[in-house]
Amino acid sequence: MIALNVNGREHTVDADPNTPILWALRDTLGMTGTKFGCGAALCGACTVHLDGQAIRSCITPISDAAGKKITTIEAATDGTDRVGAAVHEAWVKHDVAQCGYCQSGQIMSATAFLKSLPRGKQPTAAEVDAAMDGNICRCGTYARIRVAVVDAARTLA
Amino acid sequence: MLSNIENSELPRALPRLLARGKAGEATMLPRRSFLKLVGASGLALGAFPQLAAAHGSGTGQGASALKPSQQPSAFVQIAANGEVTVTINRLEFGQGVQTALPMILAEELDADWSLVRSRHGSNDAAYLDPIFGIHLTGGSHSIKNSFMQYRELGARARAMLLGAAAVRWKVDVATLRTEAGTVLGPDGRNLGYGKLAEAAMALPVPEKVTLKDPKNFRIIGRPTSRLDARAKSSGRQDFGIDVRLSGQLTAVVARPPVFGARLASVNDSAARAVKSVKAVLRVPLDRGAEGLAVVADGYWPALQGREALKLQWGTSTVEKVDSQRQLAQYRELAGRPGPRHFDADMAPLASAPRQLEAEFLFPYLAHAAMEPLNCTVTLNKGGAEVWTGSQCPGLDAGAVARVLGLKPEQVVVHVQMAGGGFGRRFSSSSDFVVEACEIAKAARAAGLKAAVRTLWSREDDMRGGYYRPMHLHRARIGFDERGNILAWDHVIVGQSVTSGSVFEQFQVKNGIDATATEGMREPYALPMRLTVHHPKLNVPVLWWRSVGSTHTAFVMETLIDEITRGTNQDPVAYRMQLFRDKHPRHRAALQLAVDKSGYGKTPLPAGRAWGVAVHESFSSVVAYVVEASMQKGRPVLHHVTAGVHCNLVVNPRAVEAQVQGAAVMGLSMCLPGAAITLKDGEVQQSNFGDFTVARITDMPEFDVHIVPSAEPPTGMGEPGLPPLAPAFANAIARLTGKPLRQLPFNVA
């Protein structure tokens, strides 16, 4: 039994400690907003925050989350988190999603990136690209992702 | 997909071939709609199909003459609060039909767009493509084939609401009008659609309706946000992989390393010992293969179980394709005579003042949609239910029925929102659906009664075949100093994507698959001889976004450009001259891209060059003018200006997204590592680490411009892909002086 703190709530998960956080979220806790894309930290679809850091939940075992806080897309975009809400609204405003499957991970990467910036700092185009390069979108929504990240940063300034 | 089918012949024959996949017309949908409606406390507008038939016979209204695909009941639900839910007859997998089709219907319904919602259909007969007569999302046909259908559906529903208001107010219907979800009376009275829906539902469905004058459109043509934008930006959008049924189990399959191989020996004791593994099942797989399905309480334990299997495969009897040997075989084939698609006289070739010879290579490509393949199946007394993101739910339902020994009407395919697809979800063998049913059947036989979700790992998905086929092209072109092309002798070698499928008899004529030659010669009236070879190999192949144009556009547009370079001509002027007045849409698209890009006027930064390409696919034309450079020996794409001609635009925001997205997929084809190769029968790539797709750092700046038009709309899911790679290659060739004749680019 492993205790997991997900979006501020404590859960007890009866699973192999090597189980990736992704599958504890999806199959055990029924939180399907976090997506399975590659299982090897190559595409970013499964990105969540562990103590505020963006991590790939498909390769991070639940044993690594003991005593830490996991934040998923469901909480990041529910309006309670200022940065997450700004990113969510920018994603909607700029109609970023196509199939939408990778967008949970994109939003979690963008949110962690914007949180990492000093307050009021506007990211450069190169910084946005570097921050988002680990997230693949096969639909090719990259142009709108760039615009949305920059717009979210502007609203947060 | 199916781009070259004669529309006139497909509806006659294909439905008959696929009849096993069609659900009964009057049995399934009404029951389901009704249940759904009770739950949603809303009302379906209009009679259910079988009630419509009753209306028709009882009142002489003739509503029964309407097909299910023409009756609003299967497409429009209006709740008491005025919410309008439109059912789409297609799979939404990124292309935006889930918004565009409701826009079209809402236009004629005169709905309040802020109250419009959308949902997926099923394999019900109502959701057949109205032109093709099968359930299909493909070939960029959704808007093209359903534009009039959805307009008429909206107009019929509106007429019924007007009729209900006329009865309520006891006034002549001709005195009433509608505006944004409300019926307005002459005396200022008004009623929202939600308050009229129940009464409207009792009225007969009108057969003939008057459609709006397009100049009065207020929804069609307006840049509109996707209906799913909010759900897809918050993790709340469910996809097929997110289906969770009570007690559901997950299956992961050990498939053979070589396509079609069978098990030689099995030791599954360690797999069975993995906690929460419920069963290890030997199951028949695609192409005569077999494998082991590990069924567990969740994906992770199933995966652990699979890794614990000790298996030996009998591969001695199956063909083991090897990319190196295959290339030699293709080169040898290219020198042989074969069936001809075009057959111009090649005599001028020998005497032409200028000659050009070229060989082009294109690898196998995986679709690599972000959502790995999955399919969830429940078996019960009444039949089977399947949840999956399918481009062809009718075809899949027929396959389900065959595998499970059911009647077609006992199968329901619930079409799920899909995380991409690009053609992979339209498999003529229904391979991943059939496999999931075989596993569900075996699980049931083993005493497991719950629903079973078969889930592919990324590696399974990438190594599972159904690739864009590898192709070799060879060209010999004779021309003069002014670039007049005197003879063009061309050979294409590649597997047919329809060979052996129910589509073969429609697509393959004279031994040539039309999907392999689409995009050749057109729009240039060239004296071409085109010979085609379709070798049969043990690698499953399939259509892949923009199909034949993935390679033909590259070959045509880079060769045309090479002739302009060899004869010192401007690539835009040269193409315009070849289009003459025969191809006004090509001219308009290219001219728009040229004007907006600054081509020929704006000086480029040092080290950059312009590249141009234009191509028609699926009845739409896309022209690209790009800026590219070489950076540390690597081609880099900086800026793309698109000129698009897709006739009337339903949603300009969606067209922009589709052009950009398709272009990114076209850009992916150029990048190092964008290839599937085989060694001794085994696919060598497995994940995004060794199969390259474009990332945000590869993304150029991108402007999309659309040629205004009022002609009936054509599709935009695919046409943005083909011209990207050749435009990029043409720019690089101008910098290096060396033509690029392979995808991915070989610049070494």
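What follows is a set of questions and answers on a predicted model.

Student: Let's start with chain A. In what order do its elements run from the N terminus on?
Tutor: Chain A holds 6 helices and 5 strands. Reading from the N terminus, the order is β-β-α-β-β-β-α-α-α-α-α.

Student: What radius of gyration does chain A have, and why would one call that agreement with a compact globule?
Tutor: The C-alpha trace spans about 45 × 30 × 25 Å along its principal axes. For 157 residues, the globule rule puts the radius near 15 Å, so chain A agrees with its value of 15 Å.

Student: Is A:Val48 buried or exposed?
Tutor: A:Val48 sits in strand β3 of chain A, residues 47-50. Leaving aside neighbours within four places in sequence, its contacts include A:Ile21, A:Ile55, A:Ile70 and A:Met108. The cut-off for burial is 20 or more other C-beta atoms within 10 Å. A:Val48 has 30 of them, so the label is buried.

Student: How far is the C-alpha atom of A:Val48 from that of A:Ser104?
Tutor: Along the chain, A:Val48 and A:Ser104 are 56 residues apart.

Student: Over to chain B. Which strands stand at the edges of the sheet of 7 strands?
Tutor: The order in this open sheet is β10-β11-β8-β18-β15-β16-β17 of chain B, with mixed pairing. An edge strand has a single partner, so one side of it is left without a neighbour in the sheet; in chain B that goes for β10 (277-284) and β17 (411-415).

Student: Which strands of that sheet does helix α8 of chain B touch?
Tutor: Neighbouring strands of the sheet are turned by 25° against each other on average, direction ignored. Helix α8 (residues 299-307) of chain B packs on the sheet, and its direction makes about 30° with that of β8(B). The strands of chain B touched by α8 are β8, β10, β11 and β18.

Student: Which residue in β16(B) stands opposite B:Leu379?
Tutor: Strands β15 (residues 374-380) and β16 (residues 383-388) of chain B pair in the antiparallel sense over 5 bridges. Opposite B:Leu379 stands B:Ala384.

Student: Which residues of strand β4 of chain B make up its uncovered face?
Tutor: In a regular strand the side chains alternate between the two faces of the sheet. In β4(B), the covered face has B:Val116, B:Ser118 and B:His120. That leaves the uncovered face to B:Arg117 and B:Arg119.

Student: What is the handedness of the crossover from β3(B) to β4(B)?
Tutor: Strands β3 (residues 84-88) and β4 of chain B run parallel, joined by 5 bridges. Between them the chain passes through helix α4 (residues 97-109) of chain B, and this β-α-β crossover is right-handed.

Student: What angle does α19(B) make with β29(B)?
Tutor: β29(B) belongs to an open sheet of 4 strands in the order β24-β25-β26-β29 of chain B. α19(B) packs on that sheet, touching β25, β26 and β29 of chain B. Its direction makes an angle with that of β29(B) of about 130°.

Student: Last one: what is the omega of the peptide bond from B:Leu743 to B:Pro744?
Tutor: B:Pro744 is in the segment after α20 (724-736) of chain B. Most peptide bonds are trans. The one from B:Leu743 to B:Pro744 is cis, with omega near -15°.

Methods: Residues are numbered from 1 along each chain as its sequence is written. Chains are lettered from A and ligands numbered from 1 in the order in which they are written. This is a predicted model: local features need pLDDT of at least 70, side-chain atom pairs count only at pLDDT 80 or more; totals for chains, interfaces and linings use all residues. Helices (H or I, at least four residues) and strands (E, at least two) are DSSP runs, numbered from the N terminus. The radius of gyration is taken over C-alpha atoms; the globule rule is 2.2 Å times the number of residues to the power 0.38. A residue is buried if 20 or more other C-beta atoms lie within 10 Å of its own, exposed if 12 or fewer, and partly exposed in between; C-beta atoms are placed from the backbone. Two residues are in contact if their C-beta atoms, placed from the backbone, lie within 7 Å. Two strands pair if DSSP finds at least two bridges between them. Axes are lines fitted to C-alpha atoms, for helices over the stretch in contact, and angles run from 0 to 180 degrees between N-to-C directions. A crossover is right-handed if, with the strands pointing away from the viewer, the path from the first strand over the helix to the second runs clockwise.
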